Amino acid sequence: MSKTIQVRHQNRFNRTAGLRNTPEVVRHSEYPCRLNFYLRPPPAEISVEDFERFALDRLQVLKTIENATLRNKKNEDFRREMERVSSEHLRMRPGHTKEAMEDRRKDHVSHFILRLAYCRSEDLRSWFLRQECALFRHRFELESRKEKETFLKTLDINWKVVSQEDKMNMKAELENCAFWTAKAAGGQNVQDFVENETYFEVDFERVPDLISRRSVLLRRGKAYVPMTEQISLVMDEFKARLSKALEATAKALPQMDEDERLKPVLLNVEKQYTGKDYGDNTNITGKVKASEVNALSQHFPLCMKNLHQSLTKDKHLKHGGRMQYGLFLKGIGLSVEEALVFWRKAFSNHTDDKFQKEYAYNIRHNYGLEGRRVNYAPYSCMKIIQSNQPSTGDHHGCPFRHFSSQSLEANLYKNKVAAPQVNEIVRLAKDRHYQLACTRYFEVTHPDMQSGQIGTVEHPNQYFDMSQGKEPESEAMKTD
Ligand code: SF4
């Protein structure tokens, strides 16, 4: 079997993923700049090994961005972190050497591979879009003015340049808005700054951040943006184009005949994002007894605490809840025998006969002892967040994703989280940073752990392990 992905018979894939069968030569003209809007598919074929390596390398960079954002790292701290991860996984050497071209090709190809892996749901798309925008912004800010100009010339962007005459007609108003911009641009005199600066006229809704900083003049629905603030315009273009491209890729995906060599690689890439799958529990099975679950629930993430509390209160859980919670308990070390004891006790309102007929089979099924005899893995956060949306009467799902803001807020207060942190966590959840919200919840309820020690929460069993590693703040976590 060929070691390279030539996808000769995969025209639809080619259109979607952008992998073509041209010789693997990176021409200088392909990449005149380090910056890239990724408008065209990558031009070269690629080996299966590189396909996976490139994707995982880019993923490391995107995950570092996500973590740095969560830790509120800005300016120098953010740059240092990016420099470290980029030099290890995604170098972007300057100039036009062979090595620089190879860096740009890898950057280009890896972006398109992750586009394929992360176009599959709205949550994945939104995660990918956020991290890619942050990566692009970081790179754009580091480039010299000359490089930026060269790059912008390669794009077909229709920003209307304000004529000198129009500029002079609104000079006084422009000067009123230019104080901080002129200062940031080397402390120039405001009059000189306005006179020498190029201004663009755009619809005001394209530059909300500049408007909130009062850095642009607003007139009849138009914003007048100085060249020095062009990052906002560039980011707006980048985001809009990538967002559209992701939607298009998602639409094309179902009709695409995926190369059978790519499928496992893409799945592996997605798994890297969702983290360890906790499917192999041979080492821990039997470590937890049914009678210990209640005490251990202080270490559970909110999703599992919610299920535990609902089960205790209602003496019942619907199927989705039993699956999510049952597999989680299996992942923390409950053997099938102990699981049967635990669920039998929990369903105390049911007769033995009903329990055996309706529930025991499913419990054994989860442990691979019935049906297709598959050893099912506990659900990851991504799976819980994305699939099987809970409806009325269900208790499964992720509180940060599926609770209303009011319920989440109430739940956080119930768990002794202080008001400023409650607001912060609810805001993260509202902005669809569900796992970051959960990570923040972990941090505020485990204040003795250094934030640098904690990665983003990707799996409820990872949360449990992290919480077990260090005692949580005793009172804050006691809910039973
Ligand atoms: S982010 Fe994951 S661990 Fe946290 S509550 Fe949601 S599903 Fe559970």
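The UniProt annotation "binding site", taken from an unreviewed entry, covers Cys 303, Cys 381, Cys 398 and Cys 438; UniProt positions follow the numbering used here, feature names are shortened, and annotations may be inferred rather than shown by experiment. Although these residues are spread over 136 residues of sequence, they cluster in space, with a largest C-alpha distance of 10.0 Å. This is a predicted model, in which local features need pLDDT of at least 70 and side-chain atom pairs count only at pLDDT 80 or more, while totals for chains, interfaces and linings use all residues. Residues are numbered from 1 along each chain as its sequence is written, and side-chain values use heavy atoms, with hydrogens and water left out.

**Annotated cysteines**

- Cys 303 is located in helix H15 (residues 302-314); helices (H or I, at least four residues) and strands (E, at least two) are DSSP runs, numbered from the N terminus.
- Cys 303 is buried, at a relative accessible area of 9% (buried means under 20%, exposed over 50%, partly exposed in between; 1.4 Å probe, protein chains only).
- Not counting residues up to four places away in sequence, Cys 303 touches Gln 324, Gly 397, Cys 398, Pro 399 and Pro 460 (contact means heavy atoms within 4.5 Å).
- Cys 398 occupies the loop between helix H19 (381-386) and helix H20 (399-402), and is buried at 11% relative accessibility.
- Apart from neighbours within four places in sequence, Cys 398 contacts Cys 303, Ile 384, Ile 385 and Phe 403.

**Positive phi in non-glycine residues**

- Tyr 38 has a positive phi of about 55 degrees; Tyr 38 lies in the loop between helix H1 (11-17) and strand S2 (46-47) and is buried, at 4%.
- Arg 220 has a positive phi near 45 degrees; Arg 220 sits in the loop between strand S5 (217-219) and strand S6 (222-226) and is exposed, at 81% relative accessibility.
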